[in-house]
Amino acid sequence: MRIVLVGPPGAGKGTQAAFLAKNLSIPHISTGDLFRANISKQTELGKLAKSYMDAGNLVPDEVTIGMAKDRMEQPDAENGFLLDGFPRNVSQAEALDEMLQSEGMKLDGVLDLEVPEEEVVKRIAGRRTCRNKSAHVFHATYKPPKKEGVCDVCGGELYQRDDDSEETVRKRLEVYHTQTEPIIDYYKAQGLVVTISALGKVEDVTARAMEALKREDHAA
Ligand SMILES: [Zn+2]
């Protein structure tokens, strides 16, 4: 199966992607991993990406698309893959379609993880991270430490990372709405989108996703 996973920040996309890929026996291809791998192996694309990042600029679509293409051509992706973080805008989605078409392939489904906006804010802004190196993570509501502000594991001080501030979360949501959400409409026009709720326990969401993908596979 060739699947694209979409969802706002805080939807638990990375966690779900890992479980789903394992259940479906296909590789989980995340943009974060692609960047890290290309940069650490110092590939041409990796060097290019790093030059943009070091200058504080966005990595151009062509670079990201190139990395994704290389990865999808690896032998383990022959029978499918689960994309996470790519495509992140309509022009990347169009490039992906062209890439697949040129190989006589197509996507089987786009899984859209839905979470109410306020829940996203609550999930991310409630995170508290331990200042110690192992960075143990707690949550003000969902996984409170026994003693406020103190790590249960090592006694370190808990704090809110800048990335997790409400302001940053709202900015990331805005970027998601303007850049990534339009790809859902793009794929809806192709009849590929299945939307599921990402609320509840991790394993329940995975089960829901597997059900939805099975239905989609039979319908295709
Ligand atoms: Zn700790």
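1. Along the chain, the donors of the zinc ion are spaced as C-x5-H-x14-C-x2-C, where donors are N, O and S atoms within 2.8 Å of the metal (3.2 Å for Na, K and Ca), and water is not among the atoms, so sites may look incomplete. The model is predicted, with local features needing pLDDT of at least 70 and side-chain atom pairs counting only at pLDDT 80 or more, while totals for chains, interfaces and linings use all residues. Residues are numbered from 1 along each chain as its sequence is written, and side-chain values use heavy atoms, with hydrogens and water left out.

2. The protein donors are C130 (SG), H136 (ND1), C151 (SG) and C154 (SG), which lie 2.0 to 2.4 Å from the zinc ion. The four donor atoms subtend angles of 97 to 126°, which makes the arrangement tetrahedral (for four donors, all angles between 85 and 135 degrees).

3. Helix α3 (residues 44–54) packs with helix α4 (residues 61–72) at an angle of about 150°, their axes being 10 Å apart; axes are lines fitted to C-alpha atoms, for helices over the stretch in contact, and angles run from 0 to 180 degrees between N-to-C directions. Helices are DSSP runs of H or I with at least four residues, numbered from the N terminus. The two are therefore roughly antiparallel (over 145 degrees). On the α3 side the contact (heavy atoms within 4.5 Å) is made by L45, G46, L48 and A49, and on the α4 side by V63, G66, M67 and D70.

Key. Parallel < 35°, antiparallel > 145°, perpendicular 65-115°, else oblique. Tetrahedral: all angles 85-135°; square planar, octahedral: opposite > 155°, others 65-115°.
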